Amino acid sequence: MLSVFISSCCHHVIAMSAKPKQVTRLADYTPPAYLVDEIFLELLLREEETHVRARLHMRRNPLVEPSPESLRLDGRDLELLTIQLDGVPLRSEQYLLDHEHLVIPRVPDRFVLETLTCIHPHQNLSLEGLYGSRGLLCTQCEAEGFRKITFYPDRPDVMARFTVRIEADQSAYPVLLSNGNRIDAGMLPENRHYVVWEDPFPKPSYLFAVVAGRLACHAGTFTTASGRSVDLQIWVEPENIDRCQHALDSLKQAMRWDEERFGCEYDLDLYMIVAVNDFNSGAMENKGLNIFNAQYVLADPLLATDANYEEITSVIAHEYLHNWTGNRITCRDWFQLSLKEGLTIFRDQEFSSDLGSRPVQRIRDVLRLRAAQFPEDAGPTAHPVRPASYMEINNFYTATVYHKGAEVVRMLQTLVGRECFRRGMDLYRQRHDGQAVTVEDFVCAMEAVSGRDLGLFQRWYRQAGTPELSVQRSFDEQAGALQLTVTQHCRVHGQQEPGAPLTIPVTLALLDPVSKTPWPVALPGEDPLTAPRERVMELTRTEETWRFIGLPKAPIPSLLRGFSAPVRWKTTLSDEELAFLWEADTDPFNRWNAGQQLAMRVLLSLARRPDDSVPDSFVAAFGATLHAADLDPALKSLAISVPGMSLLIDAMEAADPAALFAGRERVRHTLAERYREGLWAVYATHQTPGPYRLDPADMGRRALKNAVLALLLALPGEERAAQVAAEQVRQADNMTDLMGGLVPLVHAGRIEAVSLLAMLEQRWRQTPLAMDKWFAMQALAPVEQALEQVQRLMRHPAYDGRNPNRIRAVVGSFCHGNPTQFHALSGTGYRFLVGQIRDLDGYNPQMAARLVTALSRWRHFESRRSSAMRAALEEIVALPGLSRNSYEIVSKSLV
């Protein structure tokens, strides 16, 4: 890859070749030469430094032949103070030490290795390993953070039992937490104290966790299906103690659901969650001690929107559900990451679907997939669900691994059936509890219970790219038969040849164009009277033809119902047929999707031909959906939504964000003008009088009310809408309605937003999560001078360039969420991002690498923007000391 990169880039980039980055490959996997049975870890916390004593009980792995004589441990940014092998101190010439590893040339078959190291958590700005966060000390060890705490074989297939002793000043760190069960505690001289924790279950080092600081506990209990009582504790900063009840309720719901749906019962006597403000990701499933970004724990009506409440429920569930799919059964290596993340995303999606509206949840999941994963799969950083290689594993916590991985699991359930899938999950747990395993182990369990050969299906794990389906149809009136010829084509970025054909489940129904009801879907030789009205067809070759009989007239096909496969569909349905499905499809997902497909046609056409008018047929179809009596408010709020900019950019060749935005605004203006009175009627009839309630009915009413208000604000000079929105902000007793009125005002550049933002700045200045919203809504505003506004926000006293949430709220929102202004023709957005990467990459390369992906698909844009984006990437790749996180993204983007 490097040689191709050098040949395709400017001369000033060639100097990078002097320092090639090491690539890790799945094909090179070998089992660990040495195993750890037990580890005793002692952390002596002090103000300036922390001493870490590690005692490892190790042995040669009997499965590795021949076994190497030398022992190699991972370690980064560690100061080695002492080292002993079986109680005997080692002299410096008896081991080798560099900035990444500790190597001991000769060790016995069984031995105890003890090291004492010194680390400086308060100077650790990478937020990996042990680090400081607003007076707390906490850890983040996935994927390779444990090596920043002590020397260890830091890989997921080394599983050990951990005993952890933490010692600290009681005044500074009164609460000392770690994994497992607390087995000892006591006071020491000089106001110091200690706590000892023991985790009885072997775990990989990435699941180790420690938290120390001044925290308050919101407690509860849960009684398992077998009758055991489990203590539940949510630890937060004292001022947030009243914002934990929703997280606790969500945890209990997840625990009960996993027992009922998958027969999985919690295995320890204590389950803890800690909320911290400085966290690179959303949350971490450390065994028995989850560490969360505070935004996914803390909630009250004036802090969290309805969507925030639902996100908290989902993320709490996701981390809990990892207890069996990730912790008790973990990954053999990091290439198997989707084995825990994709599977657990699927499980938390199912949990959320069972808890609320399954159609609404499905639409939201697919929107996330299309907005993030489809573009990733079409660009230079595309990779399979199970990658074949990586330079930096933190770059592979991606939408592909998580969300496409979840879709692969969902397809597997569709193919084998829900009951069979549950039996497969049971067998998977029985076979592999306490093991580090592979994707093949999971699929083999499904093969065993279903009797199916799933070898071809496993291509989904090995092949990048999103398949595109095209469907040709013909109807034989005399025979009453419909013929569908379905073709799949998978273009993989950087490859001349298309990908191999995949197993694609296509769930379909055939709708009567008059009665709008499904007809039986009968295959040749079947009795149409007994045939199902929906069935799953399996596409396994590049092209297949399916014939359906017993049809009185040509039906309108409803294909890929429920989004039965993560594919793009090149539809041949006419505008009239899509409008019919938007109004009448009996599958809620396909009903929504038909409207989105029709809107995309209109929007892309307007971007190419801006003088065209918005088609009357589309406007009429929108009106029919707006006034449909059979749609619940939550589903209707989605059904009348106009596709977002990220979806439009992904769908347009030689993408022009400005043209797309202009077309989108024209459509919104046209719809609002045509249905002004109808929209106001919907707004009036979907109020939620009385105190705030977090129930599906009220949440749906708020969603629809705020959706139509935002659409009304698309009308230039619509003073009534601006006044109503401003008053809604002032009177709101909940964050959902406040943001529902304020965000469209801010994004429309309305003068009313200025005083409201000033009011809220004063109200929220001591509440970090609320201030994140204040920052983000302004950074997302698609207004002229947006970049200048972002730069002003970064000079605000509350802006902290070391805090990931604040960086995401401002820099991330602008670069990833404001495409119209980030992609301004002047190129100032790209130059701004170069400066941010230059500043951020040295101390938090994870955040830098995530930000730089905004430039990855430079080839997808029209030529002027494309050239400027490439120039920005070339400037970044030439930065001295560029991290391997950012280098991997940039170098792949430039190839």
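This is a chat about reading a few features of a predicted model.

Trainee: What should I keep in mind about the numbering and the model?

Mentor: Residues count from 1 along each chain as its sequence is written, and side-chain values use heavy atoms, with hydrogens and water left out. As the model is predicted, local features need pLDDT of at least 70 and side-chain atom pairs pLDDT 80 or more, while totals for chains, interfaces and linings use all residues.

Trainee: How many residues of helix α28 are buried?

Mentor: Buried means under 20% relative accessible area, exposed over 50%, and partly exposed in between, with a 1.4 Å probe and protein chains only. Helices are DSSP runs of H or I with at least four residues, strands are E runs of at least two, and both are numbered from the N terminus. Helix α28 spans 884–894, and 10 of its 11 residues are buried. Among them are Y887, I889 and K892.

Trainee: What is the strand order in the open sheet of four strands?

Mentor: Two strands pair if DSSP finds at least two bridges between them. Here the order is β10-β11-β16-β13, with antiparallel pairing. β10 (129–133) and β13 (175–178) are the edge strands with a single partner each, so one side of each has no neighbour in the sheet. From one strand to the next, the twist averages 15 degrees, taken between N-to-C directions on a scale of 0 to 180 degrees, with axes as lines fitted to C-alpha atoms (for helices, over the stretch in contact). β11 (136–140) and β16 (210–213) pair over two bridges, and C138 sits opposite V211 in β16.

Trainee: How do I read aromatic pairs?

Mentor: You describe a pair of aromatic rings by the distance of the centres and the angle of the planes. Rings of Phe, Tyr and Trp (its six-membered ring) pair if their centres lie within 6.5 Å; planes under 30 degrees apart are stacked, over 60 edge-to-face, and the rest tilted. The whole structure has 29 aromatic pairs. Y152 and F162 have centres 6.3 Å apart and planes at 50 degrees, so that pair is tilted. Both Y152 and F162 are buried. F775 and Y799 are edge-to-face, at 6.2 Å centre to centre and 65 degrees between the planes.

Trainee: Where do F775 and Y799 lie?

Mentor: F775 is in helix α21 (768–779) and Y799 in the loop between α22 (786–794) and α23 (804–817), so the pair ties together parts 24 residues apart in sequence. F775 is buried at 0% relative accessible area, and Y799 is buried at 13%.
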